[in-house]
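User: Hi! Could you walk me through this model? I'd like to go chain by chain and then look at a few residues.

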Amino acid sequence: MAQYMFLLFDSEEWYDNVTPEDWQQAMKLHGAFSEAVEKAGARILGGEALERSSTASTVKQREGSEPLVTDGPFLETKEALGGFYIVEARDLDQALELAKLCPAGNVEVRPVMDTSADSGPQA
Amino acid sequence: MQVPPHRPPATAHPRAVVAAVERAHRESWSNVLSSVVRLTRDLDLAEDCTQDAFVQALRSWPDEIPANPGGWLTTVARRLALDRMRRETTLRRKLPLLIEEPGEIEQPTDPLRLVFTCCHPALAQESQVALTLRLICGLTTREVAAGLLISESTAAARITRAKKKIAAAGIPYRIPADHELPTRLDAVLTVVHLVYTAGHVAAGPELTRTELTGRAIELARLLQRLMPGETEAEALLALLLMNEARGDARMSADGELVLLADQDRSRWDTKMLAEGVSRATAALLHGHGRFALQAAVAGLHVTAPTWERTDWQQVVRMYDAMMVSWPTPIVALNRAAARSFVPGIDLCEVLAELDALGNEPALRTYAYLPAARADVLARLGRTSAAADAYGEAVALTTNEAERRFLGRRRAALSR
């Protein structure tokens, strides 16, 4: 068996207008997907929903000076996604400190969404 | 009615109440709000409760204006927040976190924590400015919009988006650790400086919006008070005071812009200047950061008897030092402009420097570059080139008073 990463891309407008019913429905579809994976004899090793790209920060390594922290997602198209970590940290400050240590030219730091029963997407 | 001595009157005059609430809003807003944020960790909830506490003050203070208005407001706002949190269904999960020591209701460092949250580098700088005006200065969205000359909906969007990011991304409510402090403090001071600049060279018809410059100075005072050992905070306050002290003289009786070179120095606010100069001197004893160096330049200007007798050599030396630690095109432009006044300087050399700066993308829409070129060209006797450069500057400025001023300089060339 080999391992693959699935990167999920969707319009974020959906999140802006989502109703609790829509949200339940989407959760159901993800449940059905993971059942289909199991049924095919494959396995899901991990997965998370992410907060919207507007909550992202980007850490850019710069030669000869401190890494630069900016607001927003990583938007350049020359570079390609080359890997990922899921890091549990105390707060964004610690996450950004660690992203500066991460051996990559650019690291987008995006919060993982809390999808437990009493939360869901923030309006 | 005879009021017994040593006792406050039973009721306060309505005008006195409004004045007291307004004063408390100005002096205590950030203290109250930041204390409630520490309790709720939720900016919107904290803001609502702080707002409601001020509304309650208008209702309760006619009976008696409290001796400590800020403390009264904090107590009321925190009680409102606790009530609202109790009503929320998540109470059971959050309750253990709410139990605090009695002594912790007001912590002097609370406003500072909130400042560092508002000016976090993971927020866009334009959001940092809007959020600081809203949360630390207590301006309404409409006032923020008016101050920054953006639409109310743009201001609201910036503030909302920043608050959402703070909550979702987990931007902490704390004072940065010592090793982070220099860069984080620089971001905060930059925001305060931007607030001041937005008010000082306001785009649009009026030259200054004193409301905004006043708020910036209050912010700088707050930072200086909360971080007495930080020389850059003291230097920023010094710089703003020395700029503000010249405010009246920047405008002629008929509302026209007057350059530093032509200002009536007797119209400067000597008390404010004295404070600025003494703070700048204190800051320069301990550091040479970029605000300390800018304060040094301002100090050299305000202590000179006339424009001509300014110590231009020393001004240039300050810009030289700035170019080492903070080599931006704007510093290079200011340095070149200062060099043009050094006695015996070769103006052609300065002009070449200014021309080279024309290639800087950051200066492409900056009106001061063609204005500085025009001034040097005029002094070299190259009148028609100077007129063209003034024309470029006129086209770039967004400030009405500046536009008229540059137009007058251009017209004066042909005389």
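Predicted model: local features only at pLDDT ≥ 70, side-chain atom pairs only at ≥ 80, totals over all residues.

User: Great. How many helices and strands does chain A have?

Analyst: Chain A has 3 helices and 3 strands. Along the sequence they come in the pattern α-α-β-β-α-β.

User: And which way do β1 and β2 of chain A pair, parallel or antiparallel?

Analyst: Antiparallel: strand β1 (residues 57-62) and strand β2 (residues 65-71) of chain A are joined over 5 bridges.

User: Nice. What are the overall dimensions of chain A?

Analyst: Its C-alpha atoms fill a box of roughly 50 × 40 × 30 Å along the principal axes. Of the 123 residues in chain A, 14% are buried.

User: Which domains does chain A have?

Analyst: The assignment gives domain 1 (1-47) and domain 2 (53-109). Taken over C-alpha atoms, the centres of these two domains of chain A are 25 Å apart.

User: Over to the interface. How many residues of chain B are in contact with chain A?

Analyst: 12 residues of chain B are in contact with 12 residues of chain A. The chain B side of that contact has 8 nonpolar, 1 polar and 3 charged residues.

User: OK, chain B then. What are its domains?

Analyst: Chain B is divided into domain 1 (14-94), domain 2 (111-226) and domain 3 (228-288). The centres of domain 1 and domain 3 of chain B are separated by 36 Å, again over C-alpha atoms.

User: Where's the core, and which residues have the most contacts inside it?

Analyst: The largest nonpolar core has 120 residues, and B:Val192, B:Val195, B:Leu236 and B:Ala295 have the most contacts inside it. Helix α11 (residues 231-245) of chain B gives the largest share of this core, 10 residues.

User: What does B:Val192 touch?

Analyst: Beyond residues up to four places away in sequence, B:Val192 touches B:Ala216, B:Leu219, B:Ala220, B:Leu223 and B:Leu236.

User: One more residue: why does B:Ala77 count as buried?

Analyst: Because B:Ala77 has 26 C-beta neighbours inside 10 Å, and the cut-off for buried is 20 or more. B:Ala77 is found in helix α3 (residues 69-87) of chain B. Leaving aside neighbours within four places in sequence, B:Ala77 is in contact with B:Val32, B:Val36, B:Cys49, B:Thr50 and B:Ala53.

User: And last, helix α15 of chain B: what do its buried residues pack against?

Analyst: They pack against α14 (312-325), α16 (347-357) and α17 (368-379) of chain B. The buried residues of α15 (residues 329-339) include B:Leu333, B:Asn334 and B:Arg335.

Definitions and conventions. Residues numbered from 1 in each chain as written. Chains lettered and ligands numbered in written order. Core = buried A, V, L, I, M, F, W, Y, C linked by C-beta atoms within 7 Å. Buried ≥ 20, exposed ≤ 12 C-beta atoms within 10 Å, placed from the backbone. Helix = DSSP H or I, 4+ residues; strand = E, 2+ residues; numbered from the N terminus. Contact = placed C-beta atoms within 7 Å. Nonpolar A, V, L, I, M, F, W, Y, C, P; charged D, E, K, R; others polar. Pairing = 2+ DSSP bridges. Domains from an automatic or database assignment.
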